[in-house]
Amino acid sequence: MHTDYYRMRNGIQQHCRTTRTVYHLRCDSCGAEFTKTSKQFNHRSSAHCCDVYCNPRKFAQKQSAILRKFTKWDASSSKTI
């Protein structure tokens, strides 16, 4: 996606063009499709949740609990997920 804007620099108006990378994702919680830019997108996460219909923090806690049960880590484990 390209965005255009004008800025003033040293009294001269300049035309600037930037490029954004946009990702189209499907929510793992509700199945809705949404978009995020590369700055908002979390590359380390394997699960993605929309901000409109779902609560991302609640979804992350639920995924953490499922992963801890799957790997048989107890709640006092200091390992990060």
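## Report on a predicted 81-residue chain

At 77% relative accessibility, Asn10 counts as exposed; here exposed means over 50% relative accessible area, buried under 20%, and partly exposed in between, for a 1.4 Å probe and protein chains only. The model is predicted, so that local features need pLDDT of at least 70 and side-chain atom pairs count only at pLDDT 80 or more, while totals for chains, interfaces and linings use all residues. Residues are numbered from 1 along each chain as its sequence is written, and side-chain values use heavy atoms, with hydrogens and water left out.

**Overall architecture**

The chain contains one helix and four strands (DSSP runs of H or I of at least four residues, and of E of at least two, numbered from the N terminus). Along the sequence, these elements follow the pattern β-β-β-β-α. Of the 81 residues, 19% are buried. Among contacts (heavy atoms within 4.5 Å) between residues at least 6 apart in sequence, 6% join residues at least 24 apart.

Strand 1, residues 2-9, and strand 2, residues 12-19, pair in the antiparallel sense over eight bridges; strands are said to pair if DSSP finds at least two bridges between them. Within this pairing, Arg7 of the chain stands opposite Gln14 in strand 2. The two strands form a hairpin with two residues between them. Asn10 is found in the loop between strand 1 and strand 2, and has a positive phi of about 55° although it is not a glycine. Most residues other than glycine have a negative phi.

Thr19 is found in strand 2. Leaving aside neighbours within four places in sequence, Thr19 is in contact with Met1 and His2. The C-alpha atoms of Thr19 and Met1 are separated by 5.8 Å, although these residues are 18 apart along the chain.

| Residue | Relative accessible area | Class |
|---|---|---|
| Asn10 | 77% | exposed |
| Thr19 | 60% | exposed |
| Lys36 | 18% | buried |

Lys36 has its place in strand 4. Why does Lys36 count as buried? Lys36 counts as buried because its relative accessibility is 18%. Apart from neighbours within four places in sequence, Lys36 is in contact with Thr21, Val22, Tyr23, Cys49 and Asp51.

**The nonpolar core**

The largest nonpolar core has eight residues: Leu25, Cys27, Phe34, Phe41, Cys49, Cys50, Cys54 and Phe59. Such a core is a set of buried Ala, Val, Leu, Ile, Met, Phe, Trp, Tyr and Cys residues joined through side-chain atoms within 4.5 Å. With neighbours within four places in sequence set aside, Leu25 is in contact with Ala32, Glu33, Phe34, Phe41 and His48.

**The largest pocket**

The largest pocket has a volume of about 620 Å³. A pocket is an open set of points on a 1 Å grid over the protein atoms alone where a 1.4 Å probe fits, with protein on both sides within 12 Å along at least five of seven lines, and lining residues have an atom within 4 Å of a point. Grid points are joined across faces, edges and corners, and the volume is the space filled by probe spheres set on them.

The lining comprises 20 residues, of which Asn42, Ser45, Ser46, Ala47 and Ala60 lie nearest the centre of the pocket. Strand 4 (33-37) and helix 1 (56-71) each supply at least two lining residues, and helix 1 gives the most, with seven. By class, the lining has nine nonpolar, seven polar and four charged residues; Ala, Val, Leu, Ile, Met, Phe, Trp, Tyr, Cys and Pro count as nonpolar, Asp, Glu, Lys and Arg as charged, and the others, Gly among them, as polar.
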